[in-house]
Amino acid sequence: MINRNSILLAENDPSVLYTLSGILQESGFRVSTAARLEEARELLDRHEFDAVFTEVTLEREDEGLELARLAKCRPYAPVVLVDTSNPTIEKLRDIMHARVDYVLFKPFDLEEVQTALNRLIAHRADALSPA
């Protein structure tokens with residue numbers, strides 16, 4: 001299935017960033033990558049993305065949630081997915097307050113990522129289309 005939806009992928013681990021980016025590109029997504037919050041912010045300022053997929057912790061704790069909040073303030077409001085390896089109740093509350101659309105827990109299943117992205121982006125497109 002060819003898919004031309006655009007994703008901003010923010011991940012601080014270079015090997016995970018490279019691998020996940022490649023898998024999403026093979027699935028037909030256009031992927032822009034960032035390893036730091038500043039890079040991701042610059043990309044958000046220059047491009048409209050259908051989705052943002054970020055780790056909760058980039059360089060510092062909760063920078064991924066800051067990225068999620070920044071993305072949700074955009075007029076085009078992309079869907080936001082976050083992943084975390086430390087799902088405490090407090091962290092999950094913070095994720096909810098950031099208006100995140102989907103949460104993945106490490107280690108996550110790549111098929112789940114693809115399914116969630118496709119479903120959420122399709123739902124967003126339906127919501128944005130004129131009635």
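Does Glu 55 count as buried or exposed, and at what relative accessibility? Before I answer, let me say that what we have on the screen is a predicted model. Glu 55 is found in strand β3, and because its relative accessibility is 11%, where buried means under 20%, Glu 55 counts as buried.

As for its surroundings, leaving aside residues up to four places away in sequence, Glu 55 touches Ala 10, Glu 11, Asn 12, Gly 64, Asp 83 and Lys 106. With one of these, Lys 106, there is a polar contact of 2.8 Å between the two side chains.

Let me turn now to helix α2, which runs over residues 37–46 and in which Leu 37, Ala 40, Leu 43 and Leu 44 are buried. If you look down the axis of α2, these buried residues fall within an arc of 125°, and so they line one face of the helix. In general, an α-helix has 3.6 residues a turn, so residues three or four places apart point the same way. The face of α2 turned away from the buried side carries Asp 45 and Arg 46, which are exposed.

What do the buried residues of α2 pack against? Their partners are the strands β1 (6–10), β2 (30–34) and β3 (51–55), together with helix α3 (63–72).

The axes of α2 and α3 come within 10 Å and cross at roughly 10°, and the two helices are therefore roughly parallel to each other. In that contact, Leu 37, Ala 40, Arg 41 and Leu 44 of α2 meet Glu 63, Glu 66, Leu 67, Leu 70 and Ala 71 of α3, a set that divides into 6 nonpolar, no polar and 3 charged residues.

How values were computed
Residues are numbered from 1 along each chain as its sequence is written. This is a predicted model: local features need pLDDT of at least 70, side-chain atom pairs count only at pLDDT 80 or more; totals for chains, interfaces and linings use all residues. Side-chain values use heavy atoms; hydrogens and water are left out. Buried means under 20% relative accessible area, exposed over 50%, partly exposed in between (1.4 Å probe, protein chains only). Helices (H or I, at least four residues) and strands (E, at least two) are DSSP runs, numbered from the N terminus. The arc is that of the directions from the helix axis to the C-beta atoms. Contact means heavy atoms within 4.5 Å. Axes are lines fitted to C-alpha atoms, for helices over the stretch in contact, and angles run from 0 to 180 degrees between N-to-C directions. Angles under 35 degrees count as roughly parallel, over 145 as roughly antiparallel, 65 to 115 as roughly perpendicular and the rest as oblique. Ala, Val, Leu, Ile, Met, Phe, Trp, Tyr, Cys and Pro count as nonpolar, Asp, Glu, Lys and Arg as charged, and the others, Gly among them, as polar. A polar contact is a pair of N or O atoms within 3.5 Å; within protein, one must be able to donate a hydrogen and the other to accept it, and residues adjacent in sequence count only if both atoms are side-chain atoms.
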